[in-house]
Amino acid sequence: MMIELIQGKYVYWFYITLMMIGFYAMIAKGNLIKKIIGLNIFQTAVFLFYISIAVSEGSTAPIMLAESYGSLDAGTVTYTNPLPHVLILTAIVVGVSVTAVALALVIRIYKTYGTIDEDRIARLEQESP
Amino acid sequence: MMETLHSPLPLYAVTVSLLAALLIGFSGRKPNLREFWTVSAAVVKFLLILGMLLPVLQGKVIEYSLFSVVPGLEIRFKVDALGIFFGVTASFLWIITSFYSIGYVRALKEHAQTRYFICFAVALSATMGVAFSANMFTTFIFYEIITFCTFPLVAHKQTAEAFSGARRYLTYLLGTSIAFQLAALFLVYFTAGSLDFAAQGILAGTGSKTLLTVIFVLFIAGITKAAMMPFHSWLPAAMVAPTPVSALLHAVAVVKTGVFVVVRVVLHIFGVDLLAELGLGTALAYFASFTIIAASIIALRQDNLKALLAYSTVGQLSYIILGAALLTPAAIMGSVMHIVLHAAGKITLFFTAGAIYVAAHKTKVSELGGIGRKMPFTMIAFSVGALSMIGVPPLGGFISKWYLTLGAREAGQMPIVAVIVVSTILNACYFLPIIHAAFFKEPSPPGGHGEGHSHKAWPWEKTRYDEAPILMVCALCLTALVTLILFFAPSVFFDLAKMIAEG
Amino acid sequence: MIDFFLLFFLVISAIFAVTTRDILSSVIVLGSYSLVMAVLWTRFNSVDVAFTEAAVGAGITTFLLIAALSRTLRIEEEPEIRESVFPLFQRLKNLLPLFVVLATGAVLVYSTLDMPSFGDPKAPANLHVAPYYIEKSVPETGVVNFVTAILASYRGYDTLGEVTVIFTAGICVILLIRRRKR
Amino acid sequence: MKELIIIRVVARLMIPFIQLFALYVIAHGELGPGGGFQGGVILGASFILHVLAFGLEESRRRLSEKVTDLLNPAGLLLFAGIGLICLIGGGMYLEYDRLPVTANPILASQLGIYGIEIGVGITVAAIMVTLFFEMAHRHDD
Amino acid sequence: MSEHLPILVVLIPLFCALLIFLAGVFQKRAAWAIASLATFLAFAASVKLLALATAGGRISYRLGGWEPPWGIEYVVDYLSGYVLTIISFIAFMIAVFSRDYVKKQVGLDREVNFYAIYLLLITGLLGMIVTGDIFNLYVFLEIASLAGYALVAVGKKKGAIVASYNYLILGTIGAVFVLLGIGHLYMVTGTLNMADLRGLLPGLYHSKVVLTAFAFFVIGFGLKFALFPLHTWLLSAHSLAPSAVSSILAAAVLKVNVYALIRVMFTVYTPEFIYNVVPLAEIFFIIAPVAILAGSIMAIAQTNIKRMLAYSSIGQIGYITLGLALANETALTGSLIHILNHALMKGGLFLIAGCIIYQTDIYDISRLKGMGRKMPVTMAAFTICGLSMIGVPLTVGFISKWYLALGVLEAGRWYFIPLILVSSLLTAVYFWRVIEWAYFHKAASEEALPGRKIAEAPVLMLIPIGIIALFCLIFGTAAFIPEEFARRAAEFLLGGI
């Protein structure tokens, strides 16, 4: 009982752990680049969740095997659910886009304030808004 | 059911002075043209209203539905006895006041005269709007418009003092109307499903006793323009305004709008029977009578003439509410009559106050010694007004007080009768000394102008008058005359009041 | 079992990447994190995604981060000690993120209790819409890679959106940091 | 200086192959893993390698800002444009079977998919290069 | 062609964005014209769509010609038609406004990219509105978000970049939460199509997965539209961005995210779920009043006009959520009308602030003394929008308050009436302050207005402001127009599909 609960769920728990690590970095770290690193971990963890939705035992990658080209049907083989993969392909692109914009902002911030530490920036803002 | 005519007349009556406001704005450069617009608008408005008076006297009702904002919220006009009563009063006095203000602002070379006249015109059209509105929503809108467009008038001097006064004015009027009156509107619409005024009220048999009581209290608290205690202090504060403003707005338009709306609510939202059944009328009556006494006592201790008049206004307004609250026909007649009678009397008093300020630059009661010699016409008018306030025959004030007393007796409220008597005495106590001082006292040495204080001169003795500009004097004599006439020939108003009282 | 170790490694590297003060090394670790993630995904039969993650997560993202580092600071600055007016309030404020994170985690764990167990072929996700693609995509689109078929055809519009996103990102970066032409 | 030379030689050797591979990935998307996006990324990566080996100015000379700026929207335009052409064919947006190029819906759809994969590839590659150029460039203004 | 309108309304801005960028490589003048044209066309298309939806009910567009559960579906119904029209209208107004403003406040060299990104933002927003596929919603959400972050960062004040960065971090958290929610739903249903989900979910209402998903949707979108405790990013972002951007953020971006939440609440889940299964209403009953009061009170405390407006947005969002929580048609109508009039008022007010700043660089409201004479049109518009904010009758602001109040009474929660009234009073305080200074106080000595003479802003900035102010009045007097659409939408939401 307990065993199969763990067997059935441990991947989810891992993704949650990863996600929490990233999440923590995003909201608790003072360094702006660290936040972005956290952001990447955070997002990747969610991707892992999606991928793990698709997994099903004894299935093959969602590319039709050569032998069944001729007969235009899937045949007997079971393929992994391709839909989450598609979604995550999209999501990965979104992820890298966000990262890029964030980094661009960080570069600007460093040019303006000479630091990438939240507290220091906040102080500088208070001193000369 | 009385028949209804559909005609846009009420709309015109409302909009004519809006139009005037525009024209005034455009002809700001040329004062004479500007003043011409003001006066002509006043006259046209008055004529339009007279035009509606006749059918109403024949027991007809004039309706005009403008448009509905959303289902249930309609801008609609309805001219009934009560409305026309108020309309005639206000529009007639506006004519006189416009002359008076012209004299006033020119004599004092006030700044921003154009803005002054514009706001005046808008305030008047809004007043008409309140008078002729057919439902609480329309009333509310115009009520707010009055508040907003009188703010510049009160703040006219633009001194720090003026602003603090004006801000209090706005805070009280806007604040309470949003906080309480609007809430009352929500509740009424929610319980009765409508906001229209009906002869017997619309709330009968809708909500629970408590709910209705709450609504009533919200209304009374929300209609601060009626200056019931404890929400009265904006009125003295608003006395920083130029005198014509105080005269028209704080003797006629604004405050009368307040009491008018109260009467509306009492008669046409709740209805006499419902209030009687809830026993709220009596409560309100005692509340009002407290205001009457308290205000009069405070008035006794005022030295600033306008402040004194303000407090006397507070008291007098509560007469009107008192009458409505007693719920008996006679009392209602009294209260309605008091709208016009007090208006005529009080506007006279304010005019004279203004005249004194313009001619002698005096604002204090204590400085008025012997002023009657220099400004006999003014001070005679003053006396007329004051006596009418006290309710001395043969002056208008007597009629309303008489009917109020009758009403109180009908309602079997002896204490109220006592209140009326006491307050009459108090009124006498703070008006008579002024009259006496004005005519029979030596001018106070420093303030006095040149001759007259060497030997004891009698009023009929020849002395050089220095009255205010002629326009003003005419105006105030006219209003004084009106109070007199109203005693002997109140017929029109009398009939209207009867119609209202019988519903 | 291998999956387990891979996941375990992921957690370790994530923690390291977040905690180390030398951002460059944490970027490198992030790269390896992505690579391992890619490996894991190949084991989960999602070759396309693995491919992409390897190219993007381990490749581009790392490039970008390093480029950004080269223009900012490599070493994380020491948090400066600011004496606050309300020390207690300050301490609570520092703990707040932890609370938030744990709360979120708790909710997610709670939700896993009702999830179909991992790798269950009978999971609703695998039964409702997905089978259609596997049966029909070849006859309907003539594409044997189901992922491509969906990506380009069935959900082609998402892909358009995706390209728009990265295009937007491109212009945003240009807008933000392209040097002004005089 | 020597190792730099080595790097450059290696890079000069590798880059064509990488780019070839990228094109293969883009084209191969219908049959195996890969597709416009992955291919585009690799293509972009090849330029990045060029930058690392030869420096910004040199690569900018090879691939000017104007060119990348034009390529950025070009790919997306191709993608979205194909969608519009489908409308002309009387189909819904992005309904490749209706592409007014061939009667055979399967072929049309395959062509359409190739088209958009290329579009994706172009934009992604161009954007990747742009991103890296913008980030790596030292702004001394 | 009209059957393709649902997709065209999104494609027009997209193509124009590309066009601007392409053209921009060679010549930069065209950008503004193209942007205005694009937004105008989008607006026209939305109006047509609204008309079609009102006449024929739900319009569905199958992208790629695939049947809904398998392909992506675009849906135009009462709700999306209504919101679509509002957003595209505001977008058009702001685009027109931007011409001179952007030249000065953003800079010529960035003009092209600014407009391109502006159009991409609009693309994202419109896409979010019309889509019937929940993952597609996420994609367009990200398009809009990215564009939004960048637009905030072009602000002249140096804090803008930091504001944008924080906005980005919190916004991304929000977006990823939404993504998680979608994943959870997909996991237990196996579909991404909203209508399909609505059909499949009722059996699973008590599954922990579905409940969690809902929580993540609320928090995710809540972060995006600054639901009360999650509003921290809004203040700096909205006050430091260029005013045209603040305007689009407050008027459109917030609203569309609110719309997205409404969409998920009522058409993916059902009223039955959100009111009976989860304690959402109870939570909103706590959040909304706090938001309304806190927003208004903080707004009073501000001296910077844009911060004042930003704070008031938080309160206004509170109104909308209150309406959602009350669970009756009247209140929901109120909420939907409030979406319209907050879009108008706050959009207008930020543009007006833009005019003032453009002409005088004055942020401090105490220095607006005598502005009524110097910039009559601007201040007149300000007054109208302000009165509408207060909720004075005959302005559109009154209508939504009216319906909210009636809804409150219908729900038997009379104790919210004082809340609504008090907040109106507070609003009155902070707007009247400005109005009085602008009109009844003599301008402070010239030091307040450094150097040059203050005059009206360029006419292209005044026209949009004028139109918006005008609409505040029109929809306040002829309120039955928005009321009609809002009520239909409310009926549709509560009655289900």
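Visitor: How many salt bridges does a search of the whole structure find over all chains?

Guide: Welcome! This is a predicted model, and the search finds 32 salt bridges over all chains.

Visitor: What makes the pair B:Arg106 and B:Glu35 a salt bridge?

Guide: The cut-off is 4 Å between a side-chain nitrogen of Lys or Arg and a carboxyl oxygen of Asp or Glu. For B:Arg106 and B:Glu35 the N to O distance is 3.1 Å, so the pair is within the limit and counts as a salt bridge.

Visitor: Which parts does that pair tie together?

Guide: B:Arg106 belongs to helix 3 (residues 81-108) of chain B and B:Glu35 to helix 2 (residues 31-57) of chain B, so the link joins parts that are 71 residues apart in sequence.

Visitor: Which residues make the contact between helix 5 and helix 8 of chain E?

Guide: Helix 5 of chain E brings E:Ile134, E:Leu137, E:Leu141, E:Ser145 and E:Tyr149, while helix 8 of chain E brings E:Phe217, E:Phe221 and E:Lys224. By class, that contact has six nonpolar, one polar and one charged residues.

Visitor: How do you know that helix 2 of chain A is roughly antiparallel to helix 3 of chain C?

Guide: Helix 2 (residues 32-54) of chain A and helix 3 (residues 47-71) of chain C pack at about 175 degrees, their axes 12 Å apart. The cut-off for roughly antiparallel is over 145, so helix 2 of chain A is roughly antiparallel to helix 3 of chain C. Among the contact residues are A:Ile33 and A:Ile37 of chain A and C:Leu65 and C:Leu69 of chain C. The classes here are six nonpolar, three polar and one charged residues.

Visitor: What makes strand 1 and strand 3 of chain B edge strands?

Guide: They belong to an open sheet of three strands in chain B, with the order 1-2-3 and mixed pairing. Strand 1 (4-6) and strand 3 (73-79) each pair on one side only, and that makes them the edge strands.

Visitor: How many bridges join strand 2 to strand 3 of chain B?

Guide: Seven bridges join strand 2 (residues 61-70) of chain B to strand 3 of chain B, and the two run antiparallel. B:Glu63 stands opposite B:Lys78 in strand 3 of chain B.

Note on methods
Residues numbered from 1 in each chain as written. Chains lettered and ligands numbered in written order. Predicted model: local features only at pLDDT ≥ 70, side-chain atom pairs only at ≥ 80, totals over all residues. Heavy atoms only, no water. Contact = heavy atoms within 4.5 Å. Helix = DSSP H or I, 4+ residues; strand = E, 2+ residues; numbered from the N terminus. Nonpolar A, V, L, I, M, F, W, Y, C, P; charged D, E, K, R; others polar. Pairing = 2+ DSSP bridges. Axes fitted to C-alpha atoms, helices over the stretch in contact; angles between N-to-C directions. Parallel < 35°, antiparallel > 145°, perpendicular 65-115°, else oblique.
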